[in-house]
Amino acid sequence: MSIPIPFSPAPRLLLGPGPSDAHPNVLRAMMTPLLGHLDPQFLQLMNANQEMLRSVFLTKNLLTFPISATGSAGMETCLVNLLEPGDKVTICVKGFFGLRIVDMAQRLGAQVNVLEQTWGKVFDLNLIRESLQRERPKLLAIVQAETSTGAWQPIEELGQLCHEFDTLLMVDAVTALGCVPVRVDDWQIDAIYSCSQKGLGCPPGLAPVSFSPRAVEAMEKRRSKVPNWYLDLSLIRRYLTTDRMYHHTLPITMNYALHEGLRLILEEGLETRWERHQHNHRALKAGLQAMGLTYTAQEGHQLPQLNAVRIPDGVDDAAGRKMLLEEFGIEVGGGLGELKGKAWRIGLMGYNSRPAVVLLALAALEQVLTKLGAKVPPGAGVAAANQVYLA
Ligand SMILES: Cc1ncc(COP(=O)(O)O)c(C=O)c1O
């Protein structure tokens, strides 16, 4: 075997569904020399990460920390700790990631009831109420920001509704946290998970989670052992609390990154950050629509950080994304599941939600679409976005 030359990829602008570009300060923080995971300085950093995560999740939940793995492990952590074989769980499916929750819950031997909604639409509270009344599940699971369709599910009143039926509420905030409001305590969410590589402006590798006292009580009443050693919260909690029992070697550098990512969010302010995402979304949306593109998610429920649009008739999906990547260094996402080959997903997450990115993306898209045969009014996308910025 010949030894490869050092890896030095061409620069990219990551405008897909994630990972999104990490903030430059986060990348700098990752160059901090390693510490041992039981070093008092590292423990201090972990305490700060937990404290900052509580502020970003808007919760007082003690059991709030980053799982050492990606968003899917956050999903799995919630399910393996809260479900036992035979437990009833209702899963709201309106896209690809709802289906992933179903797959995981089925593997755990839970009694899974799937509540379905058309891809691109969101659930109405009345439909969920009827289902809860009928099924009385232990847990209801729902995705707040469905990355496959760009649909934004309202969560505000769901916790209270679930608790009327003695049901726990689990929320997937993988694409939501750091981009749109997530209010764990006000919305009475019992189990929530996210990821580091989207709204938090860090690389992939950590999955922040948080559990309410109600969820902790449910875990303590389990009849059986959690069937997954790595994600068993009864073991991880011993590392997180005072006795600092070794559980696994924490990814030191990723926690440095998270520390900086969270610090930057709190410095900016949550409300300001949510408004920034809205503002850049309004500009991008105006530009995309001026080029004749339509959103896959229903009007009024479109995520600012994930803009999923239908590919115009006659335009080749793979050719378009290849051209964006090779000629402009821009990565956008293709469609998932039902939307495979039919949609492009343009992410404006965390650090990437800014005017320079919006204007570049629109200009590049105009050229690519035109080369691939679509009729795009010249300059219309950038002009419409600038109208929003200059208003
Ligand atoms: C809504 C949602 N849930 C779960 C996941 C899984 O996260 P990960 O790919 O970090 O494991 C993703 C990934 O994009 C997602 O968008």
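A: Two strands pair if DSSP finds at least two bridges between them, and helices (H or I, at least four residues) and strands (E, at least two) are DSSP runs, numbered from the N terminus. What you are looking at is a predicted model, in which local features need pLDDT of at least 70 and side-chain atom pairs count only at pLDDT 80 or more, while totals for chains, interfaces and linings use all residues. Residues are numbered from 1 along each chain as its sequence is written.

Q: OK, start with β13 then. How many bridges join β13 to β14?

A: β13 is joined to strand β14, which covers residues 343–347, by 2 bridges, and these strands run antiparallel. On the β14 side, R345 is the bridge partner of G333.

Q: And what is the order of the strands in that open sheet?

A: That open sheet has 3 strands in the order β11-β14-β13, with antiparallel pairing. Its edge strands are β11 (306–310) and β13 (333–334), each of which pairs on one side only.

Q: Which helix lies across β11 and β14?

A: That is helix α10, residues 270–290, which lies across β11 and β14 and runs at about 10° to β11. For angles like this one, axes are lines fitted to C-alpha atoms, for helices over the stretch in contact, and the values run from 0 to 180 degrees between N-to-C directions.

Q: Switching to the open sheet of 7 strands: what is the order there?

A: The order is β2-β10-β9-β8-β5-β3-β4, and the pairing in this open sheet is mixed. At its edges are β2 (63–67) and β4 (111–116), each pairing on one side only. On average, and with direction ignored, neighbouring strands of this sheet are turned by 15° against each other.

Q: Inside it, do β5 and β8 pair in the parallel or the antiparallel sense?

A: Strand β5 (residues 139–143) pairs with strand β8 (residues 168–172) in the parallel sense, over 5 bridges. Within that pairing, L140 stands opposite L169 in β8.

Q: And which strands does helix α4 touch when it packs on the sheet?

A: Helix α4 (residues 96–107) touches β3 (88–93), β4, β5 and β8, and its direction makes about 160° with that of β3. The contacts I quote between residues require their C-beta atoms, placed from the backbone, to lie within 7 Å.

Q: At roughly what angle do the axes of α3 and α4 cross?

A: The axes of α3 and α4 cross at roughly 40° and come within 10 Å. On α3 the contact is made by M75, E76 and L79, and on α4 by R100, I101, M104 and A105. By class this contact has 5 nonpolar residues, no polar ones and 2 charged, where Ala, Val, Leu, Ile, Met, Phe, Trp, Tyr, Cys and Pro count as nonpolar, Asp, Glu, Lys and Arg as charged, and the others, Gly among them, as polar.

Q: Now the ligand. Which helix gives the most to the shell around the ligand?

A: Helix α3 (residues 71–82) does, with 3 residues. There are 14 residues around the ligand, and T70, G71, S72, T147 and V174 come nearest; a residue is near a molecule if its C-beta atom, placed from the backbone, lies within 6 Å of it. By class, the shell divides into 7 nonpolar residues, 6 polar and 1 charged.

Q: What about α12 and α13, how far apart are their axes?

A: Helix α12 (residues 355–371) and helix α13 (residues 380–390) have their axes 8 Å apart and pack at an angle of about 160°. The contact is made by P355, V358, L359, L362, A363, L365 and E366 of α12 together with G381, V382, A385 and Y389 of α13, and these residues divide into 9 nonpolar, 1 polar and 1 charged.

Q: And at what angle do α2 and α9 pack?

A: Helix α2 (residues 40–57) packs on helix α9 (residues 252–268) at an angle of about 40°, with their axes 9 Å apart. The residues making the contact include F42, L45 and M46 of α2 and I252, N255 and L258 of α9, and by class they divide into 12 nonpolar, 4 polar and 1 charged.

Q: Last topic, backbone geometry: which peptide bond is cis?

A: The peptide bond from G18 to P19 is cis, with omega near 5°, and P19 lies in the loop between β1 (13–14) and α1 (24–29). Separately, D166 has a positive phi near 60° although this residue is other than glycine, and D166 lies in the loop between α6 (158–164) and β8. As background, most residues other than glycine have a negative phi, and most peptide bonds are trans.

How values were computed. Two residues are in contact if their C-beta atoms, placed from the backbone, lie within 7 Å.
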